[in-house]
Amino acid sequence: MSDTEDKAPVVEKSVPPPKYGDNPSSAVDAQARIVQQKGILDDVIDGVQLGLLVILFICLIFAAVLGRSLPTVFPVTQPIYDFVLSLPETVSNLPQTLYAAWEIRPTNAEELTEAFRMLSEWFQVTLHTLPYKQCVLGFSWSMYLLETKLNIRQRDRLHEVRRPKAISSFISRQVYLEANAYGLDKSSLQLVKDFVGQIQTTVIIVYDMIPQLWTEVGVQMEVWLGLGSDYAITQSVLFFIAVMAISTVLSLPFDLYATFVVEKRHGFNKQTMGLFFSDMFKSLVLMVVLGTPILAGFLWVIDRTGSKFFLYAWALMALVQLLLIVIYPTVIQPLFNKFDPLPQGELREAIEALASRLNFPLKKLYMVDGSKRSSHSNAYVFGFFKAKRIVIYDTLIEQCTTDEIVAVVGHELGHWKQNHTLRMLAVAQFQILFIFFAFSCFIAEQSMYTSFGIDGMPVMLGFLFFQYLYEPLGSLMQFAVNVMSRKHEFEADEFSKNLGYGKSLASCLIKLQIENKATMNPDPIYSAYTYSHPPLVERLNALGNPHLASKKE
């Protein structure tokens with residue numbers, strides 16, 4: 001028998017394909033390692049969450065071991081202990097309570113008036129005894145913890161390296177990972193910025209730094225201008241300028257990092273340091289030039305119109321808002337960007353034809369140099385009545401075809417045709433009126449000012465602290481506005497689709513998602529709370545999910 005015949009056949013073992021991050025020679029896997037890697041910030045987040053769970057577990061053990069003696073050993077737990085003990089009785093009595101409330105419900109105008117009077121009296125008593133500083137701190141930290149938890153949920157999604165099936169046919173693995181890496185960098189900055197901001201807010205409130213600044217502004221006003229405390233509006237304007245300057249300095253490191261580190265790292269930033277500070281200086285000047293007379297007018301109206309000031313203040317702010325809508329695109333924005341008429345050619349002819357088809361009163365068609373600062377892209381419509389203008393970013397022209405840009409313009413014209421802008425403007429006016437009305441309930445409440453160490457009742461500081469109290473309700477109303485905005489986006493998409501641009505719009509949305517490195521797979525709760533536009537997959541599904549060319553894995 002030959003040697004060849006004596007040898008047993010060699011069975012080759014199959015080598016499993018490398019997983020994400022296991023093959024250093026692959027650019028995709030290298031990007032996956034970046035996305036998967038959890039840094040110090042993630043370790044801190046995990047440590048804090050684990051620590052809170054451990055604390056909760058220890059508290060439960062103490063509660064179980066000590067039982068009824070828990071409030072005696074730890075008096076601070078008395079309110080929680082009483083609340084927990086009252087829960088069974090409260091739940092069991094709930095049907096009877098609801099029935100009793102139904103029986104005593106107002107049945108005529110006289111009873112309704114009396115019920116409203118009793119409710120108003122109870123509210124006034126509550127305002128006198130409310131621990132304002134503790135409420136502000138509690139609301140502030142509650143909103144911070146809620147939004148931080150949502151940001152962490154979103155961050156966990158961004159660490160994922162496998163694409164959802166819904167987008168795998170038109171989003172390559174590399175694009176998906178690059179978008180997640182960009183999202184993680186923004187998330188890291190946001191989490192740090194929010195934490196620092198929350199600590200700053202807490203220190204400012206606990207140590208009464210706002211009243212101290214108010215007093216110091218008053219002292220300097222008397223020294224340099226010879227004006228006393230009788231000039232409350234002047235002091236408020238100077239206080240506003242001081243707060244704006246301090247806020248700018250405190251936020252400057254984060255703004256610089258966002259622009260020249262995060263945006264530059266991912267290929268978006270086109271600004272120079274000179275342009276950055278030039279924009280910042282222009283913004284500050286505009287805030288002083290426009291903000292101070294608006295603030296002075298607002299305070300003057302409150303001072304002159306008595307308890308019904310909220311109606312007059314709302315009317316003033318409505319006029320100001322309309323004025324700003326008119327002058328912003330024609331006066332303010334040209335200070336930052338260059339607007340040129342869109343050159344003659346296929347794109348201009350197609351947009352003008354669409355505008356004519358819809359009887360849209362197009363007066364001007366501009367191209368703006370968005371690439372001067374960033375490679376992000378956009379298009380929008382502005383103007384009142386017969387003076388409508390369409391603005392297209394030069395980056396959008398570079399990134400999309402003519403049909404795709406016209407589809408986007410069709411979407412924007414859908415907002416106009418269905419009066420979305422007017423609806424959102426009406427909602428904004430309702431919010432402003434409600435805020436001013438709510439403030440009218442607190443403006444003369446001396447206990448609120450005293451709680452924060454303020455002598456007297458300066459309206460400027462009262463409104464500032466009221467905004468802290470309003471924060472939870474404001475967040476809830478903003479959530480409702482986002483829901484309405486997302487509905488409008490779906491309707492505008494449908495409008496463009498009905499014009500015959502459904503597939504072009506879908507294609508452009510995908511391109512913009514890729515070019516802007518927008519999050520491809522957001523956490524559903526996070527997106528529902530924070531997004532004013534629907535996620536890409538939802539928009540594509542609403543458009544009928546056009547069949548696009550598949551990309552191989």
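Let's start with helix α9, residues 173-206. Helix α9 has 34 residues and reaches 49 Å from its first C-alpha to its last. That is close to the 50 Å expected at 1.5 Å a residue; the expected span is 1.5 Å times one less than the number of residues. Helices here are DSSP runs of H or I with at least four residues, strands are runs of E with at least two, and both are numbered from the N terminus. After α9 comes Asp 208, with a positive phi near 50°.

A word on the source. This is a predicted model: local features need pLDDT of at least 70, side-chain atom pairs count only at pLDDT 80 or more, and totals for chains, interfaces and linings use all residues. Residues are numbered from 1 along each chain as its sequence is written, and side-chain values use heavy atoms, with hydrogens and water left out.

Now the sheet. It is open, has 4 strands, and runs β1-β2-β4-β3 with mixed pairing. Two strands pair if DSSP finds at least two bridges between them. The edges are β1 (339-341) and β3 (379-382), each pairing on one side only.

Take β2, residues 362-368, and β4, residues 388-393. They pair in the parallel sense over 6 bridges. Leu 365 stands opposite Ile 390 in β4.

What is the bridge partner of Val 381 in β4? Ile 390 again. Here the pairing of β3 and β4 is antiparallel, over 4 bridges. Their hairpin has 5 residues between the strands. In that hairpin, Gly 383 takes a positive phi near 115°.
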